[in-house]
Amino acid sequence: MNCILIVEDETRIASFLEKGLQKQGFKTILAEDGLQALHIASHEKIDLLLLDLGLPLKSGWEVLEELRDRGQNFPIIIMTAFSDDRNRLTAMYKGANDYLAKPFRFQELLSKVQSALLLCRV
């Protein structure tokens with residue numbers, strides 16, 4: 001069973017993602033700020049991270065950079081309200097595997113999650 005770390009400070013969105021992913025057979029862990037995300041990623045076996053950029057304590061940008069600097073190579077999918085190409089390109093340059101602008105349909109997220117997990121097994 002793949003473990004997905006959901007890093008989202010909006011409780012309603014985090015709960016929606018958690019329930020949907022659990023229904024699909026994934027184990028989920030929630031973090032509501034950047035510091036929590038870094039701690040969990042260091043102490044748990046994570047197969048994929050869903051990362052919001054607008055987080056308290058440490059931004060999603062900082063989390064992304066720190067995880068990649070530490071050599072963490074699990075897939076990271078950015079979920080953010082920033083839908084412009086500049087942020088998308090910056091995220092990919094900094095090591096994100098995919099980028100999803102809010103609002104999105106759950107099926108779109110699920111497709112990206114499944115693709116990222118398949119690609120990292122190859």
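Visitor: Which residues does Val-7 touch, leaving aside those up to four places away in sequence?
Guide: You are looking at a predicted model, so local features need pLDDT of at least 70 and side-chain atom pairs count only at pLDDT 80 or more, while totals for chains, interfaces and linings use all residues. Residues are numbered from 1 along each chain as its sequence is written, and side-chain values use heavy atoms, without hydrogens and water. Touching, or contact, means heavy atoms within 4.5 Å. By that rule, Val-7 touches Ala-31, Asp-33, Ala-37, Leu-49, Leu-50, Leu-51, Asp-52, Leu-55 and Met-79.

Visitor: How many residues are in the largest nonpolar core?
Guide: A nonpolar core is a set of buried (under 20% relative accessible area) Ala, Val, Leu, Ile, Met, Phe, Trp, Tyr and Cys residues joined through side-chain atoms within 4.5 Å. Val-7 is one of the members that touch the most others, along with Leu-5, Leu-49, Leu-51, Leu-67, Ile-76 and Ile-78. The residues in this core number 24.

Visitor: In what order do the five strands of the open sheet stand?
Guide: Strands are DSSP runs (E, at least two residues) and helices are too (H or I, at least four), numbered from the N terminus. Two strands pair if DSSP finds at least two bridges between them, and here the pairing is parallel. Strands S2 (27-31) and S5 (98-101) each have a single partner strand, so one side of each is left without a neighbour in the sheet. The order is S2-S1-S3-S4-S5.

Visitor: Which residue in S5 is the bridge partner of Thr-80?
Guide: Four bridges join strand S4 (residues 76-80) to S5, and the two run parallel. In S5, the partner of Thr-80 is Ala-101.

Visitor: Are Glu-8 and Lys-102 buried or exposed (over 50% relative accessible area)?
Guide: Their side chains meet in a salt bridge, N to O at 2.7 Å; the term means a side-chain nitrogen of Lys or Arg within 4 Å of a carboxyl oxygen of Asp or Glu. Glu-8 sits in the loop between S1 and H1, and Lys-102 in the loop between S5 and helix H5 (106-121), 94 residues apart. Both residues are buried.

Visitor: Which residues are linked in a network of salt bridges?
Guide: Asp-52 also forms a salt bridge with Lys-102, with the closest N and O atoms 3.4 Å apart. Asp-52 lies in strand S3 and Lys-102 in the loop between S5 and H5, so this pair ties together parts 50 residues apart in sequence. The network links Glu-8, Asp-52 and Lys-102.

Methods. Buried means under 20% relative accessible area, exposed over 50%, partly exposed in between (1.4 Å probe, protein chains only).
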